[in-house]
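The following paragraphs lead through a structure, beginning with a term and moving from the chains to their details. Please keep the sequence and the structure in view while reading.

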Amino acid sequence: MSDLWRSVNARGRIVLALVLAVLLALPLVADRYVLSVLTLIFYFAYVGQAWNLMMGYAGQLSLGHALYVGLGGYVAALLWLDFGIGPWLGVFAAVAVAAGFGAAIGWLGFRFGIAGVYFALLTIAFTEFTRIGFDHLGATGGAAGLFLPFEEKRMGEWWNLRGGQLLFYYLALALAAGAVLLVALITQSRLGYRLIAVREDETAARALGIDAFAVKMAAVVISSAMTAVGGVFYAFYYNNLFPSQVFEMSRSIELILAPIVGGLGTVFGPVIGAFVLTPLGEVLIAVTARLGVDAPGVKAVFYGVILIVIIYAMPTGVWPRLAGWFGLRSRSP
Amino acid sequence: MTALLSAANLSKRFRGLVAVDQVTFEVAAGEIFAVIGPNGAGKTTLFAMLAGALAPDDGTVTFAGARIDGLTPDAVCRRGIGRTFQIVRPFPGLSVEDNVLVGALLRRTDTRSARAHARAVLAALDLADKRAALASSLTLPDRKRLEVARALATDPKLLLLDEVMAGLRPTENDRMVSILKQLNRDTGITILLIEHVMRAVMALAGRVLVLHHGAAIAQGTPEAVVRDPAVIASYLGAEAVG
């Protein structure tokens with residue numbers, strides 16, 4: 001941990017401390033809407049970070065991370081609804097189930113040498129048939145979905161994640177900050193260097209004694225476990241789960257945009273990406289509403305165009321560019 | 001002599017083609033052993049079987065008293081064999097130091113001591129001043145030495161070098177020879193090299209194995225091997241003797 005702090009330069013430390021202080025104090029002044037947007041930003045920073053570990057560091061393309069969000073959410077929600085087990089305990093079961101699925105997909109892919117886009121197809125396939133399965137599973141509410149009761153008298157039961165915007169704001173902030181810290185620690189560890197080695201050149205990595213299979217398995221298990229925690233948050237924040245929504249392909253895509261735009265394989269990339277994209281979506285909603293353009297898909301078209309421009313202008317991501325401009329690049333230790 | 005590495009009746013066929021045919025040899029601890037032969041002689045296939053990249057069809061490879069044939073490349077490395085690639089494969093997005101660090105982390109769990117080890121290895125290979133550079137920005141001679149540094153950082157007992165001289169100018173060649181000689185002298189590391197550049201083989205190797213059409217046709221000191229009529233006929237050509 002101390003090595004980690006030392007690897008950040010002086011200016012970086014100040015910026016980091018300032019940003020954290022502002023975000024911690026913000027609920028004193030910000031209104032509910034601003035907090036809800038920030039909560040969404042933290043959520044996407046968090047799940048984006050989980051995906052970043054797999055794609056950005058281990059180089060394994062998953063286009064089915066919505067699977068782990070959904071599984072995490074469903075497991076925790078069902079434990080709460082059917083057995084009265086609260087989310088702080090349920091999250092362990094959620095993590096176990098999602099990590100189990102992650103391990104199964106990883107094992108199939110990595111053991112049989114399914115790599116690149118074919119691995120991505122495998123992740124899509126698993127997510128799709130899980131979606132169809134949940135659509136038809138009576139015990140999980142089927143296509144009609146699952147609703148977490150919103151009772152006034154339970155408000156403020158933070159131990160059951162029953163609370164208002166403020167609770168979820170701080171929870172999401174803690175998740176995002178925790179994910180940044182975790183990934184930062186991993187990148188400075190033996191595992192981190194092994195992930196990158198496998199990403200850069202698997203044959204060369206194996207010649208250096210690295211068990212590439214084990215390394216990729218570690219990546220998919222950690223990533224799916226992390227994502228499942230995001231799923232628990234999602235379920236208790238929105239209080240409803242529909243298979244056609246949570247396991248939807250577009251959910252998997254939505255969650256990978258922040259790390260791609262922010263900078264793959266960088267610790268702060270997913271965070272910066274979420275800070276760019278989520279407000280952008282909100283602004284587009286406001287602008288199209290103000291202009292009175294309500295044709296379906298208008299927002300998506302603008303969003304897509306802006307995405308293309310950003311990625312064209314900064315192909316390695318926004319964060320590396322920002323870090324360069326503001327002198328935040330970490331020193332080599 | 002106690003053999004660190006021994007290959008017995010090693011064979012590999014690709015469809016009808018016998019790439020390596022019943023090759024037997026031993027490498028003693030601490031020696032520098034070269035495998036030479038014309039193009040297509042089976043050197044690379046032999047190398048791949050020693051490094052775990054290919055499983056032999058027949059025969060055995062024994063290293064430090066245990067069979068290693070058929071093990072995966074990473075398992076072979078963990079047993080104590082470091083290898084380089086003929087076509088260099090640095091991790092392009094990592095710095096020179098981090099490339100070597102990945103190797104150093106094989107036997108060290110904390111990055112701090114691994115980094116110290118990586119720096120020592122880089123110094124031994126004349127790469128200390130380039131440690132912060134991206135591996136993809138290095139020139140070929142530097143990349144060749146980076147290959148060796150990375151393999152060396154895994155603390156191998158045996159270093160397998162796949163044509164590390166290929167593509168180097170004579171001065172660079174001599175530099176590599178002197179570095180390898182010094183490594184062998186200072187650390188006692190055993191080196192097996194596959195080599196085309198005879199000048200380097202003559203300067204480095206204590207013993208040489210000559211392959212031709214997959215079979216071992218001669219074995220001995222470099223001086224004896226280059227005078228062997230079979231070797232001259234098949235590989236070196238008459239002018240090499242003069």
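Two residues are in contact if their C-beta atoms, placed from the backbone, lie within 7 Å. Helices are DSSP runs of H or I with at least four residues, strands are DSSP runs of E with at least two, and both are numbered from the N terminus.

This is a predicted model, in which local features need pLDDT of at least 70, side-chain atom pairs count only at pLDDT 80 or more, and totals for chains, interfaces and linings use all residues. Residues are numbered from 1 along each chain as its sequence is written, while chains are lettered from A and ligands numbered from 1 in the order in which they are written.

Chain A has 15 helices and two strands. Its radius of gyration, taken over C-alpha atoms, is 20 Å, close to the 20 Å that the globule rule gives for 333 residues, so chain A is as compact as a globular protein of that length. The globule rule is 2.2 Å times the number of residues to the power 0.38. The C-alpha atoms of chain A fill a box of roughly 55 × 45 × 45 Å along the principal axes. A residue is buried if 20 or more other C-beta atoms, placed from the backbone, lie within 10 Å of its own; in chain A, 44% of the 333 residues are buried. Of the contacts in chain A with a separation of 6 or more, 77% join residues 24 or more positions apart.

Chain B has nine helices and ten strands. For its 242 residues the globule rule gives 18 Å, and the radius of gyration of chain B is close to this at 18 Å, so chain B is as compact as a globular protein of that length. The box filled by its C-alpha atoms is roughly 50 × 40 × 35 Å, taken along the principal axes. In chain B, 48% of the 242 residues count as buried.

Where the chains touch, chain B gives 23 residues and chain A gives 19 residues. On the chain B side, helix H2 (73-79), helix H3 (96-104) and helix H4 (111-124) each supply at least two residues. That side divides into eleven nonpolar, five polar and seven charged residues. Here Ala, Val, Leu, Ile, Met, Phe, Trp, Tyr, Cys and Pro count as nonpolar, Asp, Glu, Lys and Arg as charged, and the others, Gly among them, as polar.

Within chain A, helix H3 (residues 32-57) packs against helix H10 (residues 212-238) at an angle of about 170°, with the axes 9 Å apart. That makes H3(A) roughly antiparallel to H10(A), a term for angles over 145 degrees. Axes are lines fitted to C-alpha atoms, for helices over the stretch in contact, and angles run from 0 to 180 degrees between N-to-C directions. Residues that meet here include A:Tyr43 and A:Trp51 in H3(A), and A:Met226 and A:Phe233 in H10(A). This contact has 13 nonpolar, three polar and no charged residues.

Another pair in chain A is helix H4 (residues 66-83) and helix H6 (residues 117-136), whose axes come within 9 Å and cross at roughly 35°. A:Ala66, A:Leu67 and A:Gly70 of H4(A) make the contact with A:Phe126, A:Thr127 and A:Thr130 of H6(A).

Which residues of helix H15 (residues 318-325) of chain A are buried? They are A:Val318, A:Trp319 and A:Pro320. Their cover includes helix H12 (249-262), helix H13 (269-291) and helix H14 (298-313) of chain A. Just after H15(A), A:Gly327 takes a positive phi of about 65°.

Note on methods
Buried ≥ 20, exposed ≤ 12 C-beta atoms within 10 Å, placed from the backbone. Parallel < 35°, antiparallel > 145°, perpendicular 65-115°, else oblique.
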